[in-house]
Amino acid sequence: MTAVFSHGRLRLYLLKLLDDGPKHGYELIRLLADRFHGTYSPSAGTIYPRLARMETEGLVTHTAAGGRKTYSITDDGRAELRQRAGELAELEHDINASVADLADEIQAEVRGATRDLKRELREAARQTRRGSWLVDVQLGRPAAADPADDFDRRLVAFADEVRAIVRRGRFSDDQLRTASRLLDGVLDGLRRMQR
């Protein structure tokens, strides 16, 4: 963020904000934070010394009411804004690009975190279901797992057993092709059931 406001550009942006109407220092801080969607917020130690310097240079004035200073732009401040209109347009472009980059980064982080959280939740649910299934089996109670989990377990056990049989046995090429066709037939049957 500091690169966006390097070389007197924060001063220029403060003039732009004050050109919209008088504001107190914390209002300027809030407007900057809003402009950057909360990803950047200058401190009072950054804003107030700049406002004091700009007042010394005759670019802003202040009025005090209720213990709060309200700053206003002067004619000299407006003249500087006009003189630096091209720089202000470039600054607005840079701010927009910076905010877009930050939004992209945040979005990517949120997507990654969401994906990780979903994966962790699925795994936790799977482990919970497996854990309750194992407890039921160990206690001699009928397993209360849902049919999808039971199917997944049976499918894994089936695949493991088929691999073990094929690796143990001495099958001819014809027998392996026949077994492959049987598996393809089961897959086709499942696809038909889905329709």
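Predicted model: local features only at pLDDT ≥ 70, side-chain atom pairs only at ≥ 80, totals over all residues.
Helices (H or I, at least four residues) and strands (E, at least two) are DSSP runs, numbered from the N terminus. Residues are numbered from 1 along each chain as its sequence is written, and side-chain values use heavy atoms, with hydrogens and water left out.

**Salt bridges within a helix**

- A salt bridge here is a side-chain nitrogen of Lys or Arg within 4 Å of a carboxyl oxygen of Asp or Glu, and by this rule the count comes to 11.
- Aspartate 75 and arginine 78 sit three residues apart in helix H4 (residues 75-83), about one turn of the helix.
- Their closest N and O atoms are 3.7 Å apart, and the two form a salt bridge.
- Aspartate 75 is exposed at 60% relative accessibility (exposed is over 50% relative accessible area, buried under 20%, and partly exposed in between, with a 1.4 Å probe and protein chains only).
- Arginine 78 is partly exposed, at 32%.
- In helix H2 (residues 25-35), aspartate 34 and arginine 30 are four residues apart, about one helical turn.
- These two also form a salt bridge, with closest N and O atoms 3.2 Å apart.
- Aspartate 34 is partly exposed at 45%, and arginine 30 is partly exposed at 41%.

- Glutamate 57 pairs with arginine 11 in a salt bridge whose closest N and O atoms are 2.3 Å apart.
- Glutamate 57 lies in the loop between helix H3 (44-56) and strand E2 (60-65), and arginine 11 lies in helix H1 (residues 9-19), so the pair ties together parts that are 46 residues apart in sequence.
- Glutamate 57 has a relative accessible area of 38%, while arginine 11 has 22%.

**A buried lysine**

- Lysine 23 belongs to strand E1 (residues 23-24).
- Lysine 23 is buried yet has no salt bridge, and the nearest side chain of opposite charge, aspartate 20, is 5.2 Å away (Lys and Arg count as positive, Asp and Glu as negative; His and the chain ends are not counted).
- A polar atom of the lysine 23 side chain lies 2.8 Å from the backbone oxygen of glycine 21.
- Leaving aside residues up to four places away in sequence, lysine 23 touches Leu17, Leu18, Leu28, Leu31, Lys69, Thr70 and Tyr71 (contact means heavy atoms within 4.5 Å).

Technical notes: Polar contact = N/O pair within 3.5 Å; in protein donor to acceptor, adjacent residues only side chain to side chain.
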